[in-house]
Every structure is written in C-alpha cells, then in structure tokens.
Amino acid sequence: MTGRAVLRAVTSTVTGLVVCAALLAQSPSSPASIDVDALLADARRLAADDMQGRQVGTPGNAGARALLVARFRAVGLEPIGDTFEHPFPMPGGVRGVNVLGRLPGRLPDAPHIVVSAHYDHIGVHGGQVYNGANDNASGAAALPVIAEYFRRHPTRHPLLFAAFDAEEANLAGSRAFVAEPPVRRDRIAFNLNLDMIGRDPDNILWVAGTSRSPWLAPIVADVARRAPVVLRQGYDDPARPADDWTRQSDQWSFIEAGVPAAYVGVSDFDLHHHPDDDFDSLTADFYVRAVETIIALVEAIAAALETAGP
C-alpha cells in the first residue's frame, strides 16, 4: 500500500511540530466555502420515502445511485474508466453498485486519498421506511459537495470519491473495492470514511483511527483547534472491540487490507437504524459545519502526506 510506503515515511519523518508547520502553511484558517443548498437538498432527497430506505438491490437504492452519479458528473468528477458505476456480485444473486469518481490533483501520479461514504441503508420493515438520513444520506450527500470544493482547490494528491453500496451487508461494497481497486492498492495513501455526520445537538464530531495511525493524531488535533465543531479523537481502542468504531463501517475494509484509514462520524445511538432517522431530525447547522471540518481534515492529511513524500 502506499499505505506502507507513505506510512513509513510519515511515521519516520513527520513529527508533531513539522505537521503543524505544514498545516499552518498549506491549510486555510477559516471554514471552507461549500454549496450548502446542494448539500441539504441532496441529503433530503436521499432520505425521502420514495428511496425506500435505499436497501441494496431495490429500486430505491437505484434511485439514490442515479442521483449520486448525476451529482458526481455535475461537480466535475472524472469517471473511473468510462463509468461512474462499478457493480459487484453479492450472495443470492443481488448486485451491488459502487459509485466512483476522481479528481486528478496537482500531481496526478501521486498516491490517492479515498474519501468515502456508503449510500445504502436497511430498507422497509413492518411497513415503515427506514430513511437513514444520518445513516448515511448525510455522508453520501457530502461527497459531491466536498468534491466540488476540491475541484476549485486541488490538492497535490489525486482524490478518489467512493459512494459505497451494501455497507449494511457486511461492508460488501468497500470489500469489493479493496479486493479489486480501480487504482493499484499500493497507490492508495489513505481512506477517510464518512458515516453519520448530520446530527449532533452537542456539536461533537469524532475521528476514530488515530490509535491505529499515530501520525494522524497531531493532524486531527491541529484541525480541532480551528474547526467550527468540537472535533474529538477516540472510539478506536482495539482492546475494546465494542467501542472500536474503526471496525464498524467501510474504513475497516481498508484497515484489514493494510491501508491507513479513519472514520468520521457522531455518536448517534438513539436513532441508529430507527424509523425516525429522517431528514427533519438532522441538525442542519451542525451538518454544514461538520462538512466544513471534514474538508479541513482532507486538506491537512494531504498536506502531511505531501510533506512526507513520496
């Protein structure tokens, strides 16, 4: 993995002081300017009743995928090969489909940073639609908005945006991606996975994964000092699997494959997989500021990797 090459370089050459200096020199000190209207409109649409809870293999899932393909194209992402849609087989004859798009970056041959979020959810049960507004219409809707920002403010590293299908089915979409990646696995430097970023009345956004990638901790700490939300690190102790969020979403597929990765999300326990996880229950102001913070994280990670090489 670049992974291995980049992680060794980062670990051996980037101290906390160097990281902070790089970030101050290369990252903005104010929140990113994003298309708030598009972000909220996409989240509302993905969490609408006619999307049928976006369960893999359903017409509602296909509708969500079509929306994301249109948005990826509209914000200027490049398809991988000749298409944004990348199907993969699942047990029982169901077909999942990942939506992938790329920004080349200032140095197209540099290793990729993957920014991901799953767009599927758990469907309809007992006549109730489980709309999954926070889980994970919020993360999926953020992808094209973040991509649009980086099309206007490119990093050195290419960015690969992945809307994974079938996360709710044992991470099937991200596992398919890692098994047959669209770029060589050793050209993937890092994965930042967004899952449940749209609701927190206490204004707290978590990054889980710094215990597995210690070089990341000072980067997150620096972003936290200027973030428009309360940005915390934790929920990633391997000795406490029940509280280790790195195992609980698509970033785990990357970690298992040896690619450094981290999760970004909230502690939305009350409405997790609940029929009341609707768009109107999101805390919109927090959601917007969470996306701004995630952009700052991507910029900071890219800056640190640029400092370390290759």
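Of the contacts in the chain with a separation of 6 or more, 79% are accounted for by residues 24 or more positions apart, where contact means heavy atoms within 4.5 Å. The model is predicted, so that local features need pLDDT of at least 70 and side-chain atom pairs count only at pLDDT 80 or more, while totals for chains, interfaces and linings use all residues. Residues are numbered from 1 along each chain as its sequence is written, and side-chain values use heavy atoms, with hydrogens and water left out.

The secondary structure of the chain comes to nine helices and eleven strands, these being DSSP runs numbered from the N terminus (helices H or I, at least four residues; strands E, at least two). The chain has 310 residues, of which 58% count as buried, a class defined as under 20% relative accessible area, with exposed being over 50% and partly exposed in between (1.4 Å probe, protein chains only). The accessible surface comes to about 11800 Å², and 52% of that surface belongs to carbon and sulfur atoms; such areas come from the Shrake-Rupley method with a 1.4 Å probe, and for residues only the protein chains shown count as cover.

| Helix pair | Angle | Axes apart |
|---|---|---|
| α3 (residues 36–46) and α5 (residues 133–152) | about 140° | 8 Å |
| α4 and α5 | about 15° | 9 Å |

The axes are lines fitted to C-alpha atoms, for helices over the stretch in contact, and angles run from 0 to 180 degrees between N-to-C directions.

In the contact of α3 with α5, the residues A38, L39, D42, A43 and L46 of α3 meet A137, A140, A141, A142, P144 and V145 of α5. These residues divide into ten nonpolar, no polar and one charged, where Ala, Val, Leu, Ile, Met, Phe, Trp, Tyr, Cys and Pro count as nonpolar, Asp, Glu, Lys and Arg as charged, and the others, Gly among them, as polar.

For α4 and α5, the contact is made by L68, R71 and F72 of α4 together with A140, L143, P144 and V145 of α5, and its residues divide into six nonpolar, no polar and one charged.

Helix α4 (residues 59–74) also holds R73, which counts as exposed because its relative accessibility is 54%. The C-alpha atom of R73 is separated by 8.3 Å from that of G101, a residue 28 positions away along the chain.
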